[in-house]
Each structure stands twice: as structure tokens, then as C-alpha cells.
Amino acid sequence: MPATKGIMFTHAIVRRPGHSLVLGLTEAGLGRPDFSRALAQHEGYVKALESAGLHVTVLPALEEYPDSCFVEDVAVCTPKGAILTRPGAQSRKGEVAHIESALRAAFDTVVTIDEPGSLDGGDVMMVGDTCHIGLSKRTDRAGAKQFIEHLEKLGLKGETVPVSSMLHLKTGAAYLEDGHLLAVEAFQNEPAFAGLDRHLVPADEAYAANSIWVNGNVIMPAGFPRTQAMVERLGYRAIPVELSEFQKLDGGASCLSLRF
Ligand code: CIR
């Protein structure tokens, strides 16, 4: 396992999917998720986080918000404080109020992104003390500007990256610490990532770019053998988890938790 300099996570927050999950936003064209299978996959995901050493807080399902299990989008956790976001999708804006108390219990500093800006946590990828912020269909310049101002007050930095052809920045890129970036081909020549060692996932395994580093482990979707072999060659312990029902809603390994 590479000797990681820097962060170690101790906690994660997840939210159980509700039956309304089947009504979640999607552009994947893979059909509707099966609720029972999604619930079982979510339990497997929680076990994976625990096996990577995290204490996991499981929040109750919110039936009024079909996409609310994708907790990553409603907040960004940094070592210096948490930032509550203002999601770009109208149907998701109300989710933020429901995560606030869990974050206030864990962080001394909690700040907010306010109207008119919008920002989804799935567009924020932290590399050392710099957050790369995807400008996407969900995250706009006003949201990114507020976010960068918060980061600077916390002693961190932020810079924007254009994101097209995918939902969020982390739909197609995962920082695995130690200078390693797992990414889809679209980010092959992205100047913002010039200082990182890019490991490109095969085009037919693009979904596996949405993976997460957790304390030397990489939690990744099951069924992507070449990406898994690449991750293992880099010295990480790969933890594959079944995520097919969340893939149907454009969500993956990073979207389902907040790690800190
Ligand atoms: C959405 O469209 O908002 C959800 N169906 C999927 C969110 C996935 N989140 C993420 O990539 N961080």
C-alpha cells in the first residue's frame, strides 16, 4: 500500500435510500432502479466503508427527496470545516436542511452556499489543500465563486475545471491520494490535473472512475476488472461493491457518502 501523506478519514455519513429512489433524476437510460436491490447494495456499501475503518452514521430515508441518498452533493467536508451546498437541481435543494444537524454535530465550522449560486458536492474533488470545482450543469460560476471564498477563509484553495459530457466532475475522476488520479479519457489533457499521475480507465469501464480512496483502500463499483487491476497495481486494496441500481440514477461510489 502506498505510504499516504496527509489525510486519514475516521467518519462517514450516508443516507438510506427511500422507496421514492425509483423516481430519482436520471439521464443514464438504464431503466429504473429496483428498490430492494438498491437497499441491499447500500448495505454492502456501508460495510465497505466500515471495512476501510470508518465509523458510519446512517441517516434515515427521506421519501420526499428521491435522490437524497446521494449525500455527497449536499455538503463538502474539509479538514477545516464543512460547506453546505445549494444543489443545482430544483428537486434536490431541500435536501440540504436535512443534513445540516449531522454536520453541525461533527464540525465546529459550517458555512453555506447561498442564492443565486449553485454547487453540487459531486463537482468538488479535493487534492491536498486545493479543491478542483467542476463547472457543470449543476454547479455554476456564482456557486464556485462563493465556494472558493469560503475555502480561502478556511486556509484552503479552489480552482474551476470545465465539466461537460458527464453529470459531475467526480463522475469521471477520483483522486486516490499519493499524486494518483483515476480518470476518464475526457480528462486526459485537462491542464488543471497536469501535476498528477493520470491513470485512465478504459472507455468501456468509465463508470469505475467514480471510486473513492479511503485510508489506502479504493471502494469501487464491482464488475470493472481492468480498472480494479490497475488500482491494485498501484498498491491499493480494492473493495468492489455492487452499485448497479445507483448507476441507473447517474450515481456511484463517491455520491453515496460524505467522508471526513
Ligand atoms: C442526480 O441526478 O442528482 C442524482 N440522480 C445522482 C447524483 C449523483 N451524485 C454525484 O455524482 N455526486
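A polar contact here is a pair of N or O atoms within 3.5 Å. Keep that cut-off in mind for this predicted model, where a polar side-chain atom of H168 sits 2.8 Å from an oxygen atom of the ligand. The protein covers 99% of the 350 Å² of accessible area that the ligand has on its own.

**Who surrounds the ligand**
- The ligand has 14 residues around it, and the closest of them are D67, D73, H168, L249 and C255.
- Sort that shell by residue type and you get six charged, five nonpolar and three polar residues.
- As for where the ligand goes, the space it takes up is the largest cavity.

**Polar contacts to the ligand**
- R92 has an N or O atom in its side chain 2.8 Å from an oxygen atom of the ligand.
- E72 goes for a nitrogen atom of the ligand instead, with a polar side-chain atom 2.9 Å away.
- H168, already mentioned above, is also one of the closest residues in the shell.

**A look at V74**
- You'll find V74 in the loop that runs between strand 2 (55–59) and strand 3 (75–78).
- V74 counts as buried because its relative accessibility is 2%, and the cut-off for buried is under 20%.
- V74 and P87 are 13 residues apart in sequence, while their C-alpha atoms are 6.4 Å apart in space.

Notes. Residues are numbered from 1 along each chain as its sequence is written. This is a predicted model: local features need pLDDT of at least 70, side-chain atom pairs count only at pLDDT 80 or more; totals for chains, interfaces and linings use all residues. Side-chain values use heavy atoms; hydrogens and water are left out. A residue is near a molecule or strand if one of its heavy atoms lies within 4 Å of it. A polar contact is a pair of N or O atoms within 3.5 Å; within protein, one must be able to donate a hydrogen and the other to accept it, and residues adjacent in sequence count only if both atoms are side-chain atoms. Accessible areas come from the Shrake-Rupley method with a 1.4 Å probe; for residues, only the protein chains shown count as cover. On a 1 Å grid over the protein atoms alone, a cavity is a set of points where a 1.4 Å probe fits but cannot get out, and a pocket is an open set with protein on both sides within 12 Å along at least five of seven lines; lining residues have an atom within 4 Å of a point. A molecule sits in a cavity or pocket if more than half of its atoms lie within 2 Å of its grid points. Ala, Val, Leu, Ile, Met, Phe, Trp, Tyr, Cys and Pro count as nonpolar, Asp, Glu, Lys and Arg as charged, and the others, Gly among them, as polar. Helices (H or I, at least four residues) and strands (E, at least two) are DSSP runs, numbered from the N terminus. Buried means under 20% relative accessible area, exposed over 50%, partly exposed in between (1.4 Å probe, protein chains only).
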